[in-house]
Amino acid sequence: MATVPVVEQPPPTAVAEAPAVRPRKGILSYWRLYAAISPFYLLFLAFGLIPVGFSLYLSFHRWDGLGSMEWAGLAQYQYLLTDSDFWQSIGNTILIWALATFPMIFLAMVTAVMLNSAVRFKNVYRFAYFLPNVTSIVAVAIIFGSVFSTNFGLMNALLQAVGLDQVAWLNTPWGIKVAIATLMTWQWTGYNAIIFLAGLQTIPSDLYEAARIDGAGPVQTFFRVTLPLMRPVLLFVLVVSTVTGLQSFAEPQVLLQTTANESTFSGGPDHAGRTMVLYFFQQTFDNNDFGYGAAVAWGIFLVVVLFSIINWRLVQRRGEE
Amino acid sequence: MASTIKGSRRRGIALHTVLVLGLLLSAFPFYWAVIMSTHTSTEIFSYPPKLLPGPHFLENARNLFDNIDFFGSMLNSLLVATSVTVLVLFFDSLAAFVFAKFEFPGRGLLFALLMAIFMVPAQLAAIPQFVIMAKLGWIGSMTALIVPAAANAFGIFWMRQYMKGAIHDELLDASKLDGAGFLRQYWHVALPVVRPGLAFLGIFTFMGQWNDYAWPLIALTNPDNVTLQVALSQLNGTHGTTDYGMVMTGALLALVPLLIVFAIGARQIIGDLGKGAIR
């Protein structure tokens, strides 16, 4: 589940600060406080830190999950670098991400600007636009699977109705990517529109007034006033979309499991919908190749971090111009 | 003057036309699911596609209940989502109260660590988690889903931000003078004033757990004892080409509890999503 964007932080009152003169106390006298925050850290230790450390250790070994571990040195990573399946999955993931994210951000921005100027029914619209985001991804993928089905799908019925040829959406490399991207766009446009709307509402109306007096039209106002002020929100949306979009799993898995021939993680014909995380699941839990799976997981982590930094830089640099 | 009023009204109509169009696009897949769940498979496969609901919903529902243990897995989903929500609300708000209102050695460091943890992707820990839980004997049971999710960095961060603004130190000081200990301050002073923040966190946690799929798919190894999302996906995978009406009925019914929770909490969720920016 995605996070909440602009968390409000009211100015701390003066009293909130610690008193200037604090009696020195032993660390043990704080035990209640440490006990109160301990559940999270204990859980994190058991199911976060130790596993992450162990997965690093594992990535230098060969292990099928049952027998004994065998030291492999850098072999798993060497293989990863030359593994054309992994590179294909990176390409698939980034293509799907791009096909989903750019239309989504554009549509969300347009929707938010319109919602911001619409006075009536604003709450009705917000409710309806948010609805796709609260639905379960499995149910949604099943529904979209039928929309894009070759034989009786709605998409092909539409194409047929306007006299075009049918497309085997879930059987061709591009069709698969378009179907997954459409699903993601549908699910996230409204959510991001509401975040954008929140950002738009922080822009003081006298700025618009000033732009109007200076003779700026609506388009000019948008690019000169609205967009620059929206950059932080845009950055947030882009980073969240990158982190979640590059780790897409359920969408391709459920959408393509009926057309997948070898395993439910294979990502459809020619593996055209096999994303990085899908590939990780396939290597780990289908092939029981735990050592290589761990290396793949670290590879994914690296790609996501790199890609996030690149995105961040791009948006930041535009801001400096 | 008259012409600008006319112009703005025309603009308003154009605006609402586009907005309603977007609304229909948002709602359409739900409507499509309703159509498919009320027709038989042969009707679904026919051309032109059906655009109005049919009479076969009960038949599809009966097939669904015959094919998977729908209510059993729904019960599992309810169990997991409810337990996790209760645990998260308690543990996260307690930790958040400490971070928001108390000074203690290592506070800054521990909080920085918390924020770093926020960023660690799930699949990095997935394999060892699986191994650890296999050792503990939790694989195949709901414990494997509930325990690791019982507290999270996001909730602590969210509640801390909320508490910093909502809980006034005068109140805490006054209760301290009355002799209230730490737990009583938390329960009687802090919790009552942060109820909206808790509601938001609770609804988000519940929906997130209800929809969780990747980890349950791996951890619930017994196909007869799974959550609703996994059961649905089994149905799609194994019977996908045979009975779309039934699969769609399952997808639709699985959404019902979620839509109820959302309908109750929509104002809270959408409002809070925006409120931070407005104030």
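This note comments on a predicted model of chains A and B, point by point.

1. Basis of the note. Residues are numbered from 1 along each chain as its sequence is written, and chains are lettered from A and ligands numbered from 1 in the order in which they are written.

2. Contact between the chains. Chain A contributes 86 residues and chain B 81 residues to the contact; two residues are in contact if their C-beta atoms, placed from the backbone, lie within 7 Å. On the side of chain A that touches chain B, helix α1 (residues 31-58) gives the most, with 16 residues. Helices (H or I, at least four residues) and strands (E, at least two) are DSSP runs, numbered from the N terminus. That side of chain A comprises 62 nonpolar, 21 polar and three charged residues. Here Ala, Val, Leu, Ile, Met, Phe, Trp, Tyr, Cys and Pro count as nonpolar, Asp, Glu, Lys and Arg as charged, and the others, Gly among them, as polar.

3. Domains of chain A. Chain A is divided into domain 1 (25-75) and domain 2 (83-320), with bounds from an automatic or database domain assignment. Their C-alpha centres are 33 Å apart. Nine residues of domain 1 and eight residues of domain 2 take part in the contact between them. On the domain 1 side, α1 and β1 (61-62) are the elements that give two or more residues. The residues of that side are three nonpolar, four polar and two charged.

4. The largest nonpolar core. A nonpolar core is a set of buried Ala, Val, Leu, Ile, Met, Phe, Trp, Tyr and Cys residues joined through C-beta atoms within 7 Å. The largest one has 155 residues, of which A:Ala141, A:Ile142, A:Phe196, B:Ala95 and B:Ala251 touch the most other members. Helix α7 of chain A supplies the largest share, 16 residues. Not counting residues up to four places away in sequence, A:Phe196 touches A:Ala108, A:Met109, A:Ala112, A:Met230 and A:Val233.

5. A glycine in helix α7. A:Gly175 lies in helix α7 (residues 173-200) of chain A. Is A:Gly175 buried or exposed? A:Gly175 is buried, because 20 other C-beta atoms lie within 10 Å; the cut-offs are 20 or more for buried, 12 or fewer for exposed, and partly exposed in between, with C-beta atoms placed from the backbone. Beyond its neighbours within four places in sequence, A:Gly175 contacts A:Val167, A:Ala168, A:Trp169 and A:Leu170.

Key: This is a predicted model: local features need pLDDT of at least 70, side-chain atom pairs count only at pLDDT 80 or more; totals for chains, interfaces and linings use all residues.
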